[in-house]
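Here is a quick tour of one structure, written for someone who likes to look at geometry before setting anything up. Open the viewer and follow along.

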Amino acid sequence: MNVPKHSFICWIVMHRRPLTRDRLAKMRICQDKECLLCGSNPENIDHLFFECEFSKECLKGVLEWLKIGINKTNIEGIWRRVTRKAKGRCRRSIIKAVAAALIYHI
Ligand SMILES: [Zn+2]
């Protein structure tokens with residue numbers, strides 16, 4: 001049920017390879033390391049998914065909508081818990097598609 005571009009970005013994030021500002025700064029492409037979502041912390045993968053207050057609120061809203069309770073804060077733990085909590089093949093596919101869409105949009 002995933003949108004292909006959502007799956008691709010999700011795959012990049014799970015391999016910890018998105019071009020976050022800390023990586024762009026190392027490549028000397030971008031000088032500013034601040035997070036574009038909150039502007040108060042350096043943007044790296046751990047901050048972006050889901051230590052950032054903005055992304056944390058997005059995750060919280062999506063999890064409430066899906067009626068899933070999770071206390072994890074790192075992307076791998078959240079993905080594992082979200083996919084395990086889903087009962088049934090169809091619901092699991094929907095939850096994975098929603099999680100991939102959330103990661104893509106963040
Ligand atoms: Zn932030």
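## The zinc site

Keep in mind that this is a predicted model. The zinc ion has Cys-35, Cys-38 and Cys-52 coordinating through SG, plus His-47 through NE2, and the distances run from 2.1 to 2.3 Å. The angles among the four donor atoms are 103 to 113°, and the site is tetrahedral. Along the chain, the donors are spaced as C-x2-C-x8-H-x4-C.

Where do Cys-35 and His-47 sit? Cys-35 is in the loop between helix 2 (21-26) and helix 3 (45-51), while His-47 belongs to helix 3, so this pair ties together parts twelve residues apart in sequence. Cys-35 is buried, at 3% relative accessible area. His-47 is buried too, with a relative accessibility of 5%.

## The nonpolar core

The largest nonpolar core is made of 23 residues, and Phe-49, Phe-50 and Ile-103 have the most contacts inside it. Five helices each put in at least two residues: helix 1 (4-14), helix 3, helix 4 (53-66), helix 5 (75-85) and helix 6 (89-105). Helix 6 gives the most, with five residues.

## Backbone spots to check

Phe-49 and Phe-50 are joined by a cis peptide bond, with omega at about 5°. Phe-50 is in helix 3, the helix that also holds His-47.

Next come two arginines with positive phi. Arg-16, in the loop between helix 1 and helix 2, has phi near 55°, a positive value in a residue other than glycine. Arg-28 has phi near 60°, again positive and again not a glycine; this residue is found in the loop between helix 2 and helix 3. As for accessibility, Arg-16 counts as partly exposed at 35%, whereas Arg-28 is exposed, with a relative accessible area of 72%.

## Salt bridges

How many salt bridges does a search of the whole structure find? The search turns up four. One of them pairs Arg-16 with Glu-76, with the closest N and O atoms 3.1 Å apart. Arg-16 is in the loop between helix 1 and helix 2 and Glu-76 is in helix 5, so the contact ties together parts that are 60 residues apart in sequence. Glu-76 is partly exposed, at 24% relative accessibility.

Arg-21 and Asp-32 also meet through their side chains, at 3.3 Å from N to O. That pair links distant parts of the chain, with Arg-21 in helix 2 and Asp-32 in the loop between helix 2 and helix 3, eleven residues apart. Is Arg-21 buried or exposed? Arg-21 is buried, at 14% relative accessible area, and Asp-32 is partly exposed, at 39%.

Then there is Lys-56 with Glu-53, where the closest N and O atoms are 3.6 Å apart. Both lie in helix 4, three residues apart, or about one turn of the helix. Lys-56 is partly exposed at 33% relative accessible area, and Glu-53 is partly exposed at 48%. Elsewhere, salt bridges with shared partners join Arg-16, Asp-46 and Glu-76 into one network.

Note on methods:
Residues are numbered from 1 along each chain as its sequence is written. This is a predicted model: local features need pLDDT of at least 70, side-chain atom pairs count only at pLDDT 80 or more; totals for chains, interfaces and linings use all residues. Side-chain values use heavy atoms; hydrogens and water are left out. Donors are N, O and S atoms within 2.8 Å of the metal (3.2 Å for Na, K and Ca); water is not among the atoms, so sites may look incomplete. Four donors count as tetrahedral if all angles lie between 85 and 135 degrees; four count as square planar and six as octahedral if opposite donors are over 155 degrees apart and all others between 65 and 115; anything else is irregular. Helices (H or I, at least four residues) and strands (E, at least two) are DSSP runs, numbered from the N terminus. Buried means under 20% relative accessible area, exposed over 50%, partly exposed in between (1.4 Å probe, protein chains only). A nonpolar core is a set of buried Ala, Val, Leu, Ile, Met, Phe, Trp, Tyr and Cys residues joined through side-chain atoms within 4.5 Å.
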